Amino acid sequence: MVVDARTSYRRPRHDLLSCRSVYSQFQSFQLEQPYSGKCMDWLTVSNSTSPTERLCGTADVNQLRHMDYVTTGNVLIIQFVTDSKISGNGFQAVYATDIAKNCDNIITDLNGTLSSPRHLATGTYLPNMHCTTTLSVPSSFRIRIYLRRLNFSDPHSGACSEGDFLHFRDLQSDVQTTVTCADPHRDGQLLFESSGSQVEVLFVSDHVTQGEGFELSYAGVPSCQNETYSQYSGAVFSINFPRHYPNMQECFYTINVSEHDNIIELSFPSFFTESDAASDARLRDGRCTRDFVEIFDGEAIHKVCGNWSGKEHLLLFRSRANVLVFRFVSDEQITRPGFYATWQTIKGNNKTCLSTWIDTGHLCFQVMYNPQTWDDGEADCISRGGHLASLLDSDTQRLLNDHILSQTCTDWEAFWIGGSDREWESDFYWTDGSKVVFTIFPKAESSKPVDCDKNFTLDSNTRWVRLQSPGYPGKYPDNTNCTYFVHAPTTAELELEFWDFWLENKNSERYVIDDDPCIMTDNDTQH
């Protein structure tokens, strides 16, 4: 309130009658400067008995921060006195009762609205507010919060109050977001989405500038739950399927059938999640880090993500025992339609290829996408109960080749198999010790492009030359063997500087394993 000069201002308010204390905050203070340490124009703040010392002069923004007062009763007295000489711009103070300042709350409704407390006289929220509201819905729901209105700007100057903000915190995941008037926002915008059933909303205002405030709406929406199934067959799907699943989900699905000699076969008639690759290309295992399904078959973990439309038949997983667990995870950004999965129980003595392995009728193959050397790949195969693959006929080679190209692979990507001449040069054996008889592999024949071997001479007129691989800056051809000779005067030294260098990485090959023997070398390996 602002009071007239030479007056003592005391006015009772109805809301003061039931409160225990009154808060006041000065937002502007410019009185006549003191003379010889004496206040000419001054004011005091007090309850009914104990006034402050006389306040005079001017206060800047930082000093105003400390000009907040709390009474010990329900009476607030501001006494303002001026002399007959110099005057200033005066002061402005805002007051509120402890009832108005008590803004912490817990809301358990499934949906509703939430707004900042407003001062009845000014139409703005109060200074120095610190309001915590906890939204709590049933545990099977999560919370979406939408913006209906937000104005943290001074109604007179239009200045943005950077000290005022909204802060959201998911009490389950501890994910947090802060919104200020400087952040871009629009009415109807989804401000926050929780992964759990409780969100803490914190509203803070500073001591100087207040605006009209905010209004939010929130809604509890169903959340995915950990599920356990004991039926011999059934179906399960991501939340909202076939509409988009929500962000920030982590759901476990456990299928546990009673007979220990049974195994579980899981398939996905429909599968489309966000992928780490462009256009949501289908991916597997370590390349899936955003939204994915992770399957544990009892021994190994498999990850799948992306759009598998038309390739769903490749998503076949079988448990090693009578329990299979899979997990669905989504991150905080993009969502897709999700998955629809079915399972059935089959007798464990009907031995078939497990998980995503390719079945030839008598052998099981799995393509691994982890970059490794041949030896590391063989060790990995053995740890999985197999070996690097032995290709014994053209049908097997064609089956694996078609499968690899049906994935996100190109025809120039290399995969290790288990043939090697590391024991006897040019004499190839499989990892089980049997001799390689099937030899219908693409042959690596030496070739020399026209611009391959080169001779260069440096002298006083030609002080430098540029060397390039065939086809640069495009890709060089396969099976190339080029030699470059550079001659310089005998008194000169040669300096070689590479401006660009991009060759195949020796550790970039992938490999194929089977459930019979496997090995791998860097140079003398059939692949």
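User: To start with charges, which residues are linked with Arg142 in a network of salt bridges?

Analyst: Please keep in mind that this is a predicted model. Arg142 is linked with Arg144 and Glu193 in a network of salt bridges, and the structure holds 12 salt bridges.

User: How far apart are the closest N and O atoms of Glu193 and Arg144?

Analyst: In the salt bridge between Glu193 and Arg144, the closest N and O atoms are 3.0 Å apart. Glu193 lies in strand β13 while Arg144 lies in strand β10, so the pair ties together parts that are 49 residues apart in sequence.

User: And is Glu193 buried or exposed?

Analyst: Glu193 is buried, with a relative accessible area of 17%, whereas Arg144 is partly exposed, at 23%. The cut-off matters here, because buried means under 20% relative accessible area.

User: Which residue does Arg148 form a salt bridge with?

Analyst: Arg148 forms a salt bridge with Glu215, where the closest N and O atoms are 3.7 Å apart. Since Arg148 lies in strand β10 and Glu215 in strand β15, the pair ties together parts that are 67 residues apart in sequence. Arg148 counts as partly exposed at 42% relative accessibility, and Glu215 counts as partly exposed at 24%.

User: So what is the strand order in the open sheet of 4 strands?

Analyst: The order in that open sheet is β8-β15-β10-β13, with antiparallel pairing. β8 (111-115) and β13 (190-193) stand at the edges with a single partner strand each, so one side of each is left without a neighbour in the sheet. From one strand to the next, the twist averages 25°.

User: How many bridges join β10 to β15?

Analyst: Strand β10 (residues 141-151) and strand β15 (residues 213-222) run antiparallel and are joined by 10 bridges, and Leu150 stands opposite Phe214 in β15.

User: Switching to the inside, which residues touch the most other members of the largest nonpolar core?

Analyst: Of the 28 residues in that core, Ile145, Leu166, Phe168, Val201 and Leu216 touch the most other members. The elements that give two or more residues to this core include β11 (165-170), β14 (198-204) and β15, and β10 gives the most, with 4 residues.

User: What about the open sheet of 6 strands, what order does it have?

Analyst: That open sheet has mixed pairing and the order β16-β18-β24-β21-β22-β20. Strand β24 (residues 323-330) is mostly covered, as 6 of its 8 residues are buried. Strand β18 (residues 249-256) pairs with β24 in the antiparallel sense over 8 bridges, and strand β21 (residues 292-296) runs antiparallel to β24, with 5 bridges joining the two.

User: Which residue in β24 is the bridge partner of Ile295?

Analyst: The bridge partner of Ile295 in β24 is Phe326, and Thr254 stands opposite Val325 in β24.

User: Last topic, the surface: which residues make the nonpolar patch of about 650 Å²?

Analyst: That nonpolar surface patch is made by Leu467, Tyr476, Leu496, Phe498, Phe501 and Leu503. Phe498 is found in the loop between β33 (484-487) and β34 (510-514), and Phe498 is exposed, with a relative accessible area of 56%.

Note on methods:
Residues numbered from 1 in each chain as written. Predicted model: local features only at pLDDT ≥ 70, side-chain atom pairs only at ≥ 80, totals over all residues. Heavy atoms only, no water. Pairing = 2+ DSSP bridges. Axes fitted to C-alpha atoms, helices over the stretch in contact; angles between N-to-C directions. Patch = residues over 30% accessible without salt bridge, like charges linked within 9 Å, V, L, I, M, F, W, Y side chains within 5 Å. Areas by Shrake-Rupley, 256 points an atom, 1.4 Å probe, with all protein chains shown as cover. Salt bridge = Lys/Arg side-chain N within 4 Å of Asp/Glu carboxyl O. Buried < 20%, exposed > 50% of the residue type's maximum accessible area, 1.4 Å probe, protein only. Core = buried A, V, L, I, M, F, W, Y, C linked by side-chain atoms within 4.5 Å.
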